[in-house]
Amino acid sequence: GIIDDESVDTFLQKVHDIELDIEPDPRLREMILQVTGDNPRWVFTASVASHAQRCLEKLGIADLFDGNIIDCKSVGLVTKHSP
C-alpha cells in the first residue's frame, strides 16, 4: 500500500540497508579521472544518498565526488521510475 510522508525516510533506509557485494575498481577510478580531470563530479541516483555513498566507498571512488550526490529525496521523490 501507500505509505505516509512520515514513513518515507524509514522505508527508504530499510530497503537500502543491504549487503553490498562490490569490490574496489581501480580501472573505473582511472577512467573517471581521465574523463573529468579536476572538474566537479556528481552522482544522480534514484536511491538515497547514504546508499549511493556506501556504493562509492566500496568501489573506492567516494573521494572523487566530494559528497555531490543528488538522491530521490533531493528531487522530491521524483525519479526515473516516476510516471
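Predicted model: local features only at pLDDT ≥ 70, side-chain atom pairs only at ≥ 80, totals over all residues.

Residues are numbered from 1 along each chain as its sequence is written, and side-chain values use heavy atoms, with hydrogens and water left out.

First, the fold. The protein chain has three helices and two strands, arranged along the sequence as α-α-β-α-β. Helices here are DSSP runs of H or I with at least four residues, and strands are runs of E with at least two, numbered from the N terminus. The C-alpha atoms fill a box of roughly 45 × 25 × 20 Å along the principal axes. Taking a contact as heavy atoms within 4.5 Å, 74% of the contacts between residues at least 6 apart in sequence join residues at least 24 apart.

Next, the core. Of the 83 residues, 25% count as buried; buried means under 20% relative accessible area, exposed over 50%, and partly exposed in between, with a 1.4 Å probe and protein chains only. The largest nonpolar core has nine residues, including Ile 32, Val 43, Leu 56, Ile 61 and Phe 65. Such a core is a set of buried Ala, Val, Leu, Ile, Met, Phe, Trp, Tyr and Cys residues joined through side-chain atoms within 4.5 Å. Not counting residues up to four places away in sequence, Ile 61 touches Leu 28, Arg 29, Ile 32 and Leu 56.

Now to Asp 25, in the loop between α1 (5-15) and α2. What does Asp 25 cap? The answer is the N-terminal end of helix α2 (residues 26-36), with a side-chain oxygen 3.2 Å from the backbone nitrogen of Arg 27. The side chain of Asp 25 also reaches the backbone nitrogen of Leu 28 at 3.0 Å. Asp 25 is partly exposed, with a relative accessible area of 29%. Its C-alpha atom is separated by 6.6 Å from that of Gly 60, 35 residues apart along the chain. Just after α2, Gly 37 takes a positive phi of about 55 degrees.

Finally, Asn 68 is found in the loop between α3 (49-59) and β2 (69-70). The side chain of Asn 68 reaches the backbone oxygen of Arg 41 at 3.2 Å. Beyond residues up to four places away in sequence, Asn 68 touches Arg 41, Trp 42 and Val 43.

Methods. Polar contact = N/O pair within 3.5 Å; in protein donor to acceptor, adjacent residues only side chain to side chain.
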